[in-house]
Each structure stands twice: as structure tokens, then as C-alpha cells.
Protein chains: 2
Amino acid sequence: MNLENYIRDILDFPKPGIVFKDITPLLKDPKAFREALIVMEDHLKDDTFDYFLGVEARGFIFAAALAARMNKGMIPVRKPGKLPAETYRKDYTLEYGTAGLEIHKDAIDKGDRVLIVDDLLATGGTVEAVALMIEEMGGIVEKMLFLIELDFLNPREKLSGYKIDSLIHC
Amino acid sequence: MNLENYIRDILDFPKPGIVFKDITPLLKDPKAFREALIVMEDHLKDDTFDYFLGVEARGFIFAAALAARMNKGMIPVRKPGKLPAETYRKDYTLEYGTAGLEIHKDAIDKGDRVLIVDDLLATGGTVEAVALMIEEMGGIVEKMLFLIELDFLNPREKLSGYKIDSLIHC
């Protein structure tokens with residue numbers, strides 16, 4: 001099964017000049033969604049970790065689905081103000097301006113190994129911030145796993161030092 | 001296993017007087033997360049449906065996890081402006097003001113049966129809007145499934161006519 005057939009390009013979204021990779025056809029098709037999860041799981045067979053970490057909102061999808069398949073826990077990283085208990089916050093720089101992410105302070109104990117999973121690796125700015133946040137809390141980033149990686153944005157340059165796997169390269 | 005032990009009350013979040021049901025301890029614990037999914041799956045053993053439908057953002061978690069376990073497709077409902085292809089929009093009234101939800105127009109075909117799943121049933125306003133949206137598109141709401149239901153808000157009153165299951169009643 002060619003998973004790329006279940007991802008469609010949407011031109012000029014969210015703004016002119018951007019080609020958005022829409023994964024909703026893959027999610028909707030039970031066989032394609034299952035195949036993506038099986039391949040992802042196969043990429044993790046040699047990794048040791050405690051939790052899947054998913055970043056709001058689309059990152060929750062693969063983190064939860066893989067946690068369910070592999071009997072792991074799932075930790076959500078959210079936009080500021082969404083998590084109810086005491087949080088650790090990380091601000092980071094985007095192309096235009098800054099953004100913030102939060103995680104519960106009690107989500108990560110020293111030495112916990114986490115697997116960051118998301119649907120798309122683009123510039124890598126968000127996942128880099130997540131990884132630094134985990135490390136500042138004493139955790140260890142075992143690997144970063146993505147459904148799609150946009151090679152032309154060269155995200156691995158800023159993520160050197162991390163293990164990265166992506167199923168589909170564009 | 002008593003799943004309630006993995007849900008903690010956070011007082012005065014997101015505003016004074018509200019007791020927030022925090023499910024992150026349940027998600028983080030592999031056994032508790034798995035047990036919740038097993039019980040949810042058991043609630044669906046007599047239901048016929050094509051897709052799990054999850055509402056951004058926390059609704060993605062159980063929709064994706066159950067879709068992965070039960071080999072179903074998953075359809076995301078998002079806040080306005082987030083879905084990239086052509087959308088169907090539904091506006092609805094909240095206690096203070098209005099809110100909107102969007103779904104891809106090609107997500108639902110006439111006669112498709114969907115299972116709406118979310119972590120929390122509170123006033124029921126959002127899930128009612130989602131159900132009406134599905135029906136306006138020609139789909140059928142097989143059931144609404146929740147981890148937690150806040151009985152004191154009496155959500156079933158406005159949702160009469162729908163099958164509803166909740167694992168935990170508060």
C-alpha cells in the first residue's frame with residue numbers, strides 16, 4: 001500500500017504559496033490508517049521508551065493511536081492556558097514572532113524516555129522546542145517519529161543529535 | 001481497576017467555580033489508558049458504524065485510539081479555519097456567545113454511520129452541534145461515547161434521541 005496516495009496536497013493553505021499536506025483521507029481509510037500505524041510501530045521496534053508525547057492538536061492523533069497499539073502512556077503538550085494543573089512552559093521563535101507550549105510539570109520524571117510523534121516535520125521549530133522542554137525537565141528524547149517529512153525545508157539541520165524517522169518524504 | 005482514581009479534580013480551572021476533570025494521569029498510565037479503551041470498546045460491541053469522529057483537541061485522543069484498536073477510520077472535527085479542504089461549518093450557541101465547528105465536506109457520505117467520542121460530556125452543547133452537523137450532511141449518529149459524564153449538568157436532556165454511553169459519572 002502506498003500511503004502517499006492517501007495524502008492530498010491543498011494549495012495555498014493556510015496562506016498563499018504554501019502546499020498543505022492533508023492527512024484526513026489517510027485517517028478516514030481504516031486500511032491506510034492501520035498501515036501507517038503498523039509501519040510506525042515497526043520503526044520503533046528497537047527503541048526503549050515510556051511514553052508517547054503528542055503536540056496539540058494533530059499530534060494527539062498518532063500519539064494516542066500508537067500508545068493504544070503498543071500499550072504505552074500518552075502525554076499531551078498543549079498551547080498555553082489549556083492544561084489545568086501546574087505547567088512547565090517553553091517559548092520559542094517562529095519565522096514570524098514567537099509561540100509557547102506547555103506540559104504538566106508532573107508529566108516527566110527525571111530519566112523518563114519519551115517518543116515524540118507528529119504527523120508532519122516541516123521546519124522542525126516546534127519539535128525542537130518540545131525536545132528542549134523535555135530535556136530541561138530531566139527527560140530523554142528517545143526518537144522523533146513523523147508520518148511526513150518535508151525534506152526541502154531541511155528540518156534535520158536544527159535537529160542534529162536526535163534520532164528521526166519519517167514514513168513519507170516530500 | 002477503578003478508572004476514577006486516574007482522573008483528578010483541578011479547582012477553579014479554567015475559571016473560578018469550575019472543577020476541571022483532568023484526564024492526563026489516565027492517559028499517562030498505560031494500564032489505565034488501556035483499561036479505558038477496553039471498556040469503551042465493550043460499550044460498542046453491538047453498534048454498527050463506519051468512523052470514529054473526534055472533536056479538536058482532546059476528542060482526537062480517544063477517537064484515534066479507538067479507531068486504531070477497532071480498525072475503523074477517524075474523522076476530525078475542528079475549530080474554524082484549521083481544516084484545509086472545503087468544509088461544512090456549524091455555528092452554535094454557548095452559555096456566553098457562539099462557537100463554530102468545521103468538518104471536511106467529503107468526510108461524510110449519505111448514510112455513513114459515525115460514532116462520536118470525547119473525553120467529557122458536560123452541558124452537551126458541542127456534541128449536539130456535531131450531531132446536527134453530521135445529520136445535515138446526510139450521516140447517521142450511531143452513538144455518543146464519553147469517558148466522563150457530568151450528570152449534574154443534565155446533558156442528556158438536550159440529547160434525547162441519541163444513544164449515549166459514559167464510563168464514569170460525576
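Which residue of E4(B) does Gly54(B) stand opposite? The points below take up this question along with the wider arrangement of the predicted model.

1. **The pairing of Gly54(B).** In E4(B), the residue opposite Gly54(B) is Pro76(B). Gly54(B) also has a partner in E7(B), where its bridge is made with Val117(B).

2. Five strands form an open sheet in the order E4-E3-E7-E8-E9 (chain B), and their pairing is parallel. At its edges lie strand E4 (73–77) and strand E9 (164–169) of chain B, each of which pairs on one side only.

3. **Strand E3(B) and its pairings.** Strand E3 of chain B covers residues 51–55 and is joined to E4(B) by 5 bridges, the two strands running parallel. Within this pairing, Tyr51(B) stands opposite Gly73(B) of E4(B). E3(B) is also joined to E7(B), through 4 bridges and again in parallel.

4. How many residues of E3(B) are buried? The count is 5 of its 5 residues, and the strand is described as mostly covered. Tyr51(B), Leu53(B) and Val55(B) point one way from E3(B), while Phe52(B) and Gly54(B) point the other way; all are buried.

5. The chain passes from E3(B) through H3(B) to E4(B), a β-α-β crossover that is right-handed. Helix H3 (residues 59–70) of chain B packs on the sheet and touches E3, E4, strand E7 (113–121) and strand E8 (140–149) of chain B. The direction of H3(B) makes about 165° with that of E3(B).

6. **Strand E8(B).** Why is E8(B) described as largely enclosed by the rest of the structure? The reason is that 9 of its 10 residues are buried. E7(B) and E8(B) are joined by 8 bridges and run parallel; one of the pairs is Val114(B) with Val141(B) in E8(B). Between these two strands the chain crosses through helix H4 (residues 125–136) of chain B, and this β-α-β crossover is right-handed. Towards E9(B), E8(B) pairs in the parallel sense over 5 bridges, with Glu149(B) standing opposite His169(B).

7. **The nonpolar core.** The largest nonpolar core contains 66 residues, and those with the most contacts inside it are Phe62(A), Leu147(A), Phe62(B) and Leu147(B). Sequence neighbours up to four places away aside, Phe62(A) touches Ile23(A), Leu26(A), Leu27(A), Phe33(A), Leu37(A), Met40(A), Val117(A), Asp119(A) and Leu147(A). In soluble globular proteins, nonpolar side chains tend to be buried together.

8. **The relation between the chains.** Chain A is superposed on chain B by a rotation of 180° with 0.0 Å of shift along its axis, at an RMSD of 0.0 Å. This is the relation of a two-fold axis. In chain A, the C-alpha nearest the axis belongs to Ala65(A), at 2.1 Å. The same surface serves both copies, since 100% of the contact residues of chain A recur in chain B.

9. **Glu86(A).** Is Glu86(A) buried or exposed? With a relative accessible area of 55%, Glu86(A) is exposed, because the cut-off for exposure is over 50%. Glu86(A) lies in the loop between strand E4 (73–77) and strand E5 (87–93) of chain A. Not counting residues up to four places away in sequence, Glu86(A) touches Ile103(A), His104(A) and Lys105(A). Glu86(A) and Glu102(A) are 16 residues apart in sequence, with their C-alpha atoms 9.5 Å apart in space.

10. **Asp106(A).** Asp106(A) is located in the loop between strand E6 (98–104) and strand E7 (113–121) of chain A. Its relative accessibility is 42%, so Asp106(A) counts as partly exposed. Which residues does Asp106(A) contact, leaving aside its neighbours within four places in sequence? They are Arg8(B) and Lys28(B). By contrast, Lys28(A) is 78 residues from Asp106(A) in sequence and 34 Å from it in space, C-alpha to C-alpha.

Notes
Residues are numbered from 1 along each chain as its sequence is written. Chains are lettered from A and ligands numbered from 1 in the order in which they are written. This is a predicted model: local features need pLDDT of at least 70, side-chain atom pairs count only at pLDDT 80 or more; totals for chains, interfaces and linings use all residues. Side-chain values use heavy atoms; hydrogens and water are left out. Copies are superposed by least squares on the C-alpha atoms of residues with pLDDT of at least 70 in both. Contact means heavy atoms within 4.5 Å. Two strands pair if DSSP finds at least two bridges between them. Axes are lines fitted to C-alpha atoms, for helices over the stretch in contact, and angles run from 0 to 180 degrees between N-to-C directions. Buried means under 20% relative accessible area, exposed over 50%, partly exposed in between (1.4 Å probe, protein chains only). A crossover is right-handed if, with the strands pointing away from the viewer, the path from the first strand over the helix to the second runs clockwise. A nonpolar core is a set of buried Ala, Val, Leu, Ile, Met, Phe, Trp, Tyr and Cys residues joined through side-chain atoms within 4.5 Å.
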